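Please read the following note alongside the sequence and the model. The points are numbered so that each can be taken up separately.

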Amino acid sequence: MNRIITALDFANVAKAQDFVSKIDPSLTRLKVGSQLFTLGGPALIEELQKQGFDVFLDLKYHDIPNTVASALQAASALGVWMVTLHASGGPAMMKAARDAVNSYDRQAQTGGGTRIVAVTVLTSLDRAEMAAVGLDKEPSSQVEQLAQLAHAASMDGVVCSPHEVALIRGIGKNDFLIITPGIRPDKDGEVPVSQITSHGGAPDDQRRTLTPYDAIVGGSDYLVIGRPVTQASSPVEVLHALNAEIQIAASQISTNSPD
Ligand code: C5P
């Protein structure tokens, strides 16, 4: 069970390819976001998949239902493991996305196709930013409402801050996946990652981070980790250490493992 999703946040395709050539699919899945997808397109996704990696295509779709359904059909045909959309696109948009993936799976007989996970409230939005766009409520209350909508629309899970996991865990139980960014290894944690990466546990621009251990014990299914891995001098060693820490955490909880 591979719970790490490494965020391929690189300024160009060559740098991403160079990083990927140093690692192994048994250590991590890969997240391709809008920057790298805009640079490398489907050809890059196919190349990563050919090398055996599961790809998390993080394009955060938000459009009219027909357009999002068409995008999901294309993502399914590309064979990506997981995609994101905005839950704030509404129930009809999410339902159209679900129907598109299910219908592709039936035709192509993939037997377990692309997972769809919903973004609730961007962690860059605070109460004032939300009020500015007409949402006069606490971000946590909006997160909860959108997670419930996503679950009702048969999304496979949500992306959220590790601090929102407790709020969401009760909604979908163990079959509702929770994917969390904002992860930083603890320099004094179970596995001394700081000794093998110059990056250590620096929070960078992340606020309110959690360690991999705490995120897994708290109920996250998958951890999106960027710079602590991508900027390490030996990404393989860091991934081994992170996986060891996650395994220790996972052995202490008795939830069903997602696949
Ligand atoms: O380098 P770092 O570990 O901070 O990278 C985290 C990744 O997760 C980045 O690709 C970032 O865009 C993404 N992300 C995030 N916070 C969110 C949603 C996504 O950091 N709330």
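Which residue in β4 is the bridge partner of Y61?

1. The bridge partner of Y61 in β4 is L85. Strand β3 (residues 55-61) and β4 run parallel in their pairing, with three bridges between them, where pairing requires that DSSP finds at least two bridges between two strands. Helices (H or I, at least four residues) and strands (E, at least two) are DSSP runs, numbered from the N terminus.

2. A word on the basis of these remarks: this is a predicted model, in which local features need pLDDT of at least 70 and side-chain atom pairs count only at pLDDT 80 or more, while totals for chains, interfaces and linings use all residues. Residues are numbered from 1 along each chain as its sequence is written, and side-chain values use heavy atoms, with hydrogens and water left out.

3. The protein chain has 10 helices and eight strands, and 49% of its 259 residues count as buried; buried means under 20% relative accessible area, exposed over 50%, and partly exposed in between (1.4 Å probe, protein chains only).

4. Strand β4 (residues 82-86) is mostly covered, five of its five residues being buried. M82, T84 and H86 lie on one side and V83 and L85 on the other, and both of these faces are covered.

5. The largest nonpolar core has 64 residues, and L8, L72, L85 and M94 have the most contacts inside it; such a core is a set of buried Ala, Val, Leu, Ile, Met, Phe, Trp, Tyr and Cys residues joined through side-chain atoms within 4.5 Å. Helix α4 (residues 91-108) supplies the largest share of this core, six residues. Apart from it lies another core, of 12 residues, which includes I5, M82, V119 and Y222.

6. Not counting residues up to four places away in sequence, L8 touches F19, V20, L30, K31, V32, L36 and L48, contact meaning heavy atoms within 4.5 Å.

7. The axes of helix α1 (residues 13-20) and helix α2 (residues 34-50) come within 10 Å and cross at roughly 35 degrees, the axes being lines fitted to C-alpha atoms, for helices over the stretch in contact, with angles from 0 to 180 degrees between N-to-C directions. On the α1 side the contact is made by V13, A16, Q17 and V20, and on the α2 side by L36, L39, G40, L44, E47 and L48.

8. S161 is found in the loop between β6 (157-159) and α7 (165-172), and S161 counts as buried because its relative accessibility is 9%. Leaving aside neighbours within four places in sequence, S161 is in contact with T123 and T180.
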